[in-house]
Amino acid sequence: MDVQAAREIGAGIAVIALAGVGIGLGNIFSTLVSSIARNPAARPHVFALGMLGFALTEAVALFALLIAFLILFA
């Protein structure tokens with residue numbers, strides 16, 4: 001197996017984490033909308049927690065992309 005082919009396979013495996021990130025973000029925002037619709041008075045507290053969850057989940061996506069790029073170009 002060629003080294004470049006192994007790098008591309010490794011980068012593809014590293015990017016598989018993005019599927020979980022997409023599912024997680026959809027889950028976070030669907031729960032956020034549902035909870036605000038049920039209790040609008042709790043919006044400030046729930047919205048802040050939703051944005052924190054979004055930021056942490058998005059960080060996982062950025063780390064996965066960083067690893068993929070490091071595998072490809074380092």
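Over residues 46-73 the chain is 100% helix and 0% strand, with 40 Å between the C-alpha atoms at the two ends. Welcome to a predicted model of a protein that has three helices and zero strands. Its C-alpha trace spans about 60 × 15 × 10 Å along the principal axes. Here is a guided walk through it.

**How confident is the prediction?**

- The average pLDDT of the protein is 94, and 100% of the residues score at least 70.
- Which helix has the lowest confidence in the protein, and which the highest? Helix 1 is lowest with a mean of 92, while helix 2 is highest at 95.

**The overall build**

- Helix 1 covers residues 3-14 and helix 2 covers residues 17-38, while helix 3 takes in residues 43-73.
- What is the radius of gyration of the protein, and what would a compact globule of 74 residues have? The protein has 17 Å, whereas such a globule would be near 11 Å.
- Of the 74 residues, 15% count as buried.

- An unreviewed UniProt entry places the feature "transmembrane region" at residues 12-34 and at residues 46-73.
- In the model, residues 12-34 are 91% helix and 0% strand, and their end C-alpha atoms lie 34 Å apart.
- How far apart are the end C-alpha atoms of residues 9-71? They lie 10 Å apart, and the span is 90% helix and 0% strand.

- Val15, Leu62, Leu65, Phe69 and Phe73 make a nonpolar surface patch of about 500 Å².
- One of these residues, Val15, sits in the loop between helix 1 and helix 2.
- Val15 counts as partly exposed because its relative accessibility is 31%, and partly exposed residues fall between the 20% cut-off for buried and the 50% cut-off for exposed.

- Gln4 is placed in helix 1. It is partly exposed because its relative accessible area is 35%. From Gln4 to Ala61 you count 57 residues in sequence, and their C-alpha atoms are 23 Å apart in space.
- Gly22 lies in helix 2. Its relative accessible area of 43% is why Gly22 is called partly exposed. Gly22 and Ala64 are 42 residues apart in sequence, with 13 Å from C-alpha to C-alpha.
- Phe47 belongs to helix 3. With 32% relative accessibility, Phe47 therefore counts as partly exposed. How far apart are Phe47 and Ile36 in space? The C-alpha to C-alpha distance is 8.2 Å, and the two residues are 11 residues apart in sequence.
- Leu52 is also found in helix 3. Leu52 has a relative accessible area of 49%, so it is partly exposed. A distance of 16 Å separates the C-alpha atoms of Leu52 and Ser35, which are 17 residues apart along the chain.

Key. Residues are numbered from 1 along each chain as its sequence is written. This is a predicted model: local features need pLDDT of at least 70, side-chain atom pairs count only at pLDDT 80 or more; totals for chains, interfaces and linings use all residues. Side-chain values use heavy atoms; hydrogens and water are left out. Patches are made of residues with over 30% relative accessible area and no salt bridge: like charges are joined within 9 Å, nonpolar side chains (Val, Leu, Ile, Met, Phe, Trp, Tyr) within 5 Å. Accessible areas come from the Shrake-Rupley method with a 1.4 Å probe; for residues, only the protein chains shown count as cover. A salt bridge is a side-chain nitrogen of Lys or Arg within 4 Å of a carboxyl oxygen of Asp or Glu. Helices (H or I, at least four residues) and strands (E, at least two) are DSSP runs, numbered from the N terminus. Buried means under 20% relative accessible area, exposed over 50%, partly exposed in between (1.4 Å probe, protein chains only). UniProt positions are given in the numbering used here, feature names are shortened, and annotations may be inferred rather than shown by experiment. pLDDT is the predictor's confidence in each residue, from 0 to 100. The radius of gyration is taken over C-alpha atoms; the globule rule is 2.2 Å times the number of residues to the power 0.38.
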